[in-house]
Amino acid sequence: MAKSRTRYTTVAIVIHWLIAAAILFQIILGWRMGDGPKGPATYALFQLHKSIGITILLLSLLRLGWRLVNPVPLAPDDQPGWERIAAKLVHVGFYGIMIGLPLTGWIMVSASRVPIPTLLYGTIPWPHLPLLPQLAAGAKQTWREAGEAGHQALVWLAYVLLALHLAAVAKHQLLDRDAVFGRMAPGARPGWKEPRAWLAAVALVAVIAAGYLYRPALKAAPPAEVARVPLPAAAPIGIAAAPAEPAAQAPAPVSDLEDPVAWTVQKGSSLAFTATWSGSAIEGQFKTWTADILFSPQALDRSKLTVTVDVGSAATGDDQRDQSLPSGDFFDTAEHPKAIFTASKFRKTGEGRFVADGTLDLRGVKKPLSLPFSLKIDGDTASARGATTLDRTTFGVGQGEWASTDAIAAKVKVSFSLTARRGSTAPSTPRPGRPIP
């Protein structure tokens with residue numbers, strides 16, 4: 001019965017058209033990724049490209065398994081021998097690219113210097129190939145280059161096979177006027193008037209257009225969270241004194257606190273950052289941070305601040321991008337899990353406005369920095385906010401291809417907004433003209 005079959009099974013037909021549409025869409029995505037500037041949009045296209053590639057791999061393995069137990073229909077009796085051989089070679093070639101392209105892409109991702117995870121369609125985790133991520137840098141680069149070379153060669157083979165396949169379909173449908181197209185489009189008749197042939201042509205154009213028109217939805221940073229540790233944080237970090245951002249209204253006069261007071265930050269406070277990637281703003285936050293705050297506007301000389309940031313908690317709203325930030329190319333959390341800002345000098349620059357002078361230790365690099373902020377104290381509650389800009393390259397955040405500022409700008413804005421509750425007053429130290437209580 002299988003040998004007398006005149007068309008493919010329904011399962012094989014459905015898988016064929018799904019893979020065909022996916023390959024065409026994938027080709028357009030590949031062109032856009034190569035032509036577009038590095039940035040959030042291109043990055044999102046790359047993630048989708050990976051997801052579609054794995055989908056093609058799984059569908060191709062399914063189709064191959066189905067074909068092994070469901071023989072293909074026989075070729076037309078009058079088909080020349082050379083055409084039968086050519087058809088078999090093209091089909092073998094298609095299986096080669098349908099399986100080989102995703103595999104070589106999988107090798108490239110698994111051996112990448114930056115361990116970007118793969119989440120199929122942003123949801124389903126997909127593992128790297130075993131052993132490749134653990135290889136030494138030299139061996140990993142060899143695998144990555146081999147995967148890239150194989151991937152590129154298979155892309156060019158795909159172009160040739162697609163051209164041959166489409167030309168063969170047109171020949172059988174319009175010149176030979178046989179039933180070859182009907183094997184994959186049940187009920188189709190030979191000739192240019194066949195509506196199924198026109199439907200296939202329109203679908204081809206629609207898929208290509210969709211590939212060019214598709215615009216990925218860029219994820220925003222998650223809502224700000226207060227630190228998930230006992231002592232929440234207060235001040236952000238920067239590398240140069242910069243004018244404080246103008247407030248919506250002038251801050252009210254601060255209370256008279258003769259001695260430094262310990263403050264505990266309340267829920268809703270945030271420590272955020274903004275980077276620029278190919279002209280697009282990437283908003284993020286540090287989700288885990290602590291602070292030891294001892295401050296009084298009337299005792300600036302005795303006020304102190306220590307902020308400890310878990311740089312591995314950086315979140316920008318894209319899980320795949322965020323999981324690359326702890327790598328050696330960026331924060332290198334394996335060697336430097338924390339960034340620490342300490343300040344023991346404070347200056348008043350206006351009514352309710354101050355600057356904290358201190359040192360930032362980030363990625364093993366220590367640099368002096370100053371942070372301007374506005375402050376309002378109302379009884380036992382204080383609210384403060386501030387912002388400044390740091391140069392990521394000064395601290396080595398961005399190695400290899402990311403060291404260049406062409407894609408990711410050097411300047412990164414860091415900002416904070418907090419509400420804190422007053423705790424205990426620090427022990428007094430002797431001051432001229434004031435007795436020790």
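**Reading local features in a predicted model**

Q: How exposed is R177, going by its relative accessible area?
A: R177 has a relative accessible area of 49%, so the residue is partly exposed; the class "exposed" begins over 50%. Keep in mind that this is a predicted model. R177 is placed in the loop between α4 and α5.

Q: What is the phi of R177?
A: The general idea first: most residues other than glycine have a negative phi. Here, R177 is not a glycine, yet its phi is positive, near 50 degrees.

Q: Which phi does Y121 have, positive or negative?
A: Y121 has a positive phi of about 55 degrees, although this residue is not a glycine. Y121 is found in the loop between β1 (118-120) and β2 (124-126). With a relative accessible area of 46%, Y121 is partly exposed.

Q: Where is Q173, and what does Q173 touch?
A: Q173 is in helix α4. Its relative accessible area is 4%, so Q173 counts as buried. Leaving aside neighbours within four places in sequence, Q173 is in contact with F181, R189, P190, G191, E194 and A197.

Q: Which residues have the most contacts inside the largest nonpolar core?
A: The largest nonpolar core has 51 residues, and F286 and F295 have the most contacts inside it. Leaving aside neighbours within four places in sequence, the contacts of F286 include L271, F273, V309 and F331. D310, V311, S313 and A314 are also in contact with F286.

Q: Where in the chain do F25 and Y214 lie?
A: F25 is in helix α1 (residues 10-35), and Y214 is in the loop between α5 and β3 (261-265). The pair links distant parts of the chain, 189 residues apart. F25 is buried, with a relative accessible area of 15%, whereas Y214 is partly exposed at 30%.

Q: What is the geometry of the pair W106 and W126?
A: This pair is tilted, with 5.4 Å from centre to centre and 45 degrees between the planes. W106 lies in helix α3 (residues 81-110) and W126 in strand β2, so the pair ties together parts that are 20 residues apart in sequence. W106 counts as buried because its relative accessibility is 17%.

Q: Which residues form one aromatic cluster?
A: F295, F346, F354 and F373 form one aromatic cluster. F295 is also one of the residues with the most contacts inside the largest nonpolar core.

Conventions:
Residues are numbered from 1 along each chain as its sequence is written. This is a predicted model: local features need pLDDT of at least 70, side-chain atom pairs count only at pLDDT 80 or more; totals for chains, interfaces and linings use all residues. Side-chain values use heavy atoms; hydrogens and water are left out. Helices (H or I, at least four residues) and strands (E, at least two) are DSSP runs, numbered from the N terminus. Buried means under 20% relative accessible area, exposed over 50%, partly exposed in between (1.4 Å probe, protein chains only). Contact means heavy atoms within 4.5 Å. Rings of Phe, Tyr and Trp (its six-membered ring) pair if their centres lie within 6.5 Å; planes under 30 degrees apart count as stacked, over 60 as edge-to-face and the rest as tilted. A nonpolar core is a set of buried Ala, Val, Leu, Ile, Met, Phe, Trp, Tyr and Cys residues joined through side-chain atoms within 4.5 Å.
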